[in-house]
Structures are given as structure tokens and as C-alpha cells.
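Dear colleague,

I am passing the structure on to you below, and after it you will find my notes on what was found.

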Amino acid sequence: MEKTKFLAYSGQPTFWRLDSTRDLADVDIAVMGVPFDMGVSNRPGARFGAREIRSMSLHTGNFHYPYTYDIKDKFNIIDYGDVGATIGANAVHSMIEETYHHASKILNSNVRLLTLGGDHTIPYGLVRAASEKYGKLALIHLDSHQDSLPGNENEIFHGTFAHDIARAGYVDASKSVQVFIRTDMPNENEYNIIYANEALELTADTLATKIKEIVGEMPVYLTLDIDSLDPSVAPGTGTPVIGGPNTYYMRKLLQSLNGINVVAADLVEVSPTYDEGEITTLAAATLAGDLIYLLGGIER
């Protein structure tokens, strides 16, 4: 084993030191960044999230505990680089179209996709691309907010995506679930909601079973807002809400979701400006690894 592997301060900061390429031949899983935060409603800064998660992954990617194998030995995983970084009057719509284009290219190459945000506006194009590839999806939405306000042509932001992707027919809300919710928003599409107080009274295994019963055999898009975690363990985010799970519980939940058909996932809302001692990016880089294992199909 090369000693320099453990020197997280050196080398090119791709995710897990993966090859940086857009050649999708023989690729199994792609990691893509979307450094965009013009859809935030509170504190900005998530545009820096993907870069800092990648940097922290040089440390977290050195070990594969609690898994019994290194997923990089089983699958060809690449860092696709960043897309969707844009500014100007049409920034939100330009980002959505660009991410849709690249997600379609990746998914239609039979490659599973993990996207690093960026704010929670980014799923618009990603979910559309996944739905066009796999049909109507079940959404697993881990968040402190429902993000279910209705959007319109002139007002799309990180609080509207869940409503709009259901309205567009990309996801089946009756087979979808929002977990760790601890705010109040409309639920016009009738998502299944497991509020934080209910979720945290359960073991992670039991909660995973409830989620699996809801999504069944459907193809799943999983979106993880870092503010689903309690801000004591993830303060670096734009809209923190107390009363969420710790990192152990979240990791255990993701590992216990083994067996569902996750075709694409994202991790969003890491805002390094508000981080303390890089604990949010540490959590995010580790959870991003858990999502890759879930995309690959976890083996115990």
C-alpha cells in the first residue's frame, strides 16, 4: 500500500482520487458536481459544497469501514467533474437544462449517478433524466424540509423541487417518502412523510423497513439534504433545523436500505462557510461514500 494514499493534503482533489474523465465506456458509477446555489432562500454558499466534499474525500476514501470490501475494487467509478455552474438572469433554468443534459448522457450509458450539490434546486434536471431512463420513480427524500411549495416559471428554488417533480409526473408521490421532516409545508401531492420525532423513536433498521415498504420494487431516486442531520453534527448548511439524526444513525439507515433499486442519488446543501472544523464536509464526504455503496448494491 502506498503511504501517500493517506496524505489527504496532496494530490488532485477528485472524489476519492478517482479518474477525472467524461469517457463513460465501461463505467459503472459516476460522481458529478453541481456548484450552484442561486436557488437558496436563506444563507448562500452551497456552490462551494462539491469542491470541499471532494477535498475531504481524499481522507474519508482511505478506508471502507464498516463495509467488508472496497467498492472501487468491484466497480469502475469516475469523477465526471462539474456541470451547471452558471450566473445571470436565467441561471436556474440554465443549470437545470445543463444538468439534465449531462445526467441523461450518463444514465443512458447505463451508468449510475451520484451528484454533489449545490443547493436543493439541482434535482429538477437529474430526476427528469432518471425518469426518462427508468420510468416513474420513487423518491426517498432525506431532509428537514419538505421542499413542497409549488413552483412556477418565474419562481423555482430549493423549496419547490419536491412539489414540481411530482406534478410533472417524474415521481409517484404515493410510493415516495420524506424522512426526518421537522418543518411545515403543503403536501398537495400526498407524499408519505415520516417526521423526525417519529423516525428517531425507531431503530435505523426499523425505519429502513418502513421506507422499503413504501417504495417497494420501484426505481428510486434518493436525495439527501445535509440539513437532515442535526446541526450539532452538520452546522455548515444554509437552513439548519435542530432535532435531526446524528451521523451514526444516518449511516446505519443508508446501509440498511440495501436491496432497494437506487438508480441515482444526490447530496446537497453543504455550505462550507458556516462549517465548524470541517465536520459538515466530513459527514458529507462519508455519506457520499455510503450512497455510492448503495448505488452499487451493498454486500455485507
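In α3, the residues Pro123, Tyr124, Gly125, Leu126, Val127, Ala129, Ala130 and Ser131 are buried, where buried means under 20% relative accessible area, exposed means over 50% and partly exposed lies in between, with a 1.4 Å probe and protein chains only. This is a predicted model, in which local features need pLDDT of at least 70 and side-chain atom pairs count only at pLDDT 80 or more, while totals for chains, interfaces and linings use all residues. Residues are numbered from 1 along each chain as its sequence is written, and side-chain values use heavy atoms, with hydrogens and water left out.

The buried residues of α3 pack against β1 (29–34), α2 (91–107), β3 (112–117), α4 (161–167), β7 (219–225) and β8 (261–268), a contact being heavy atoms within 4.5 Å. Helices (H or I, at least four residues) and strands (E, at least two) are DSSP runs, numbered from the N terminus. The twelve residues of α3 (residues 123–134) should span 16 Å at 1.5 Å a residue, and this agrees with its end C-alpha atoms, which are 16 Å apart; the expected span is 1.5 Å times one less than the number of residues. Just after α3, Gly135 takes a positive phi of about 90°.

**Helix α1**

In α1, the buried residues are Gly49, Ala50, Ile53, Arg54, Met56, Ser57, Leu58 and Thr60, and they pack against β1, β2 (77–82), β3, β8 and α8 (279–296).

**Met218**

Met218 lies in the loop between α6 (204–215) and β7, and it is buried, with a relative accessible area of 17%. Not counting residues up to four places away in sequence, Met218 touches Lys136, Leu137, Ala138, Asp172, Lys175 and Asn261. Met218 and Glu190 are 28 residues apart in sequence and 18 Å apart in space, C-alpha to C-alpha.

**The protein as a whole**

The protein has eight helices and eight strands, and buried residues make up 57% of its 300 residues. With 300 residues, a compact globule would have a radius of gyration near 19 Å, and the 17 Å of the protein agrees with this; the radius is taken over C-alpha atoms, and the globule rule is 2.2 Å times the number of residues to the power 0.38. Along its principal axes the C-alpha trace spans about 55 × 45 × 35 Å. Of the contacts with a separation of 6 or more, 78% are between residues 24 or more positions apart.

With regards
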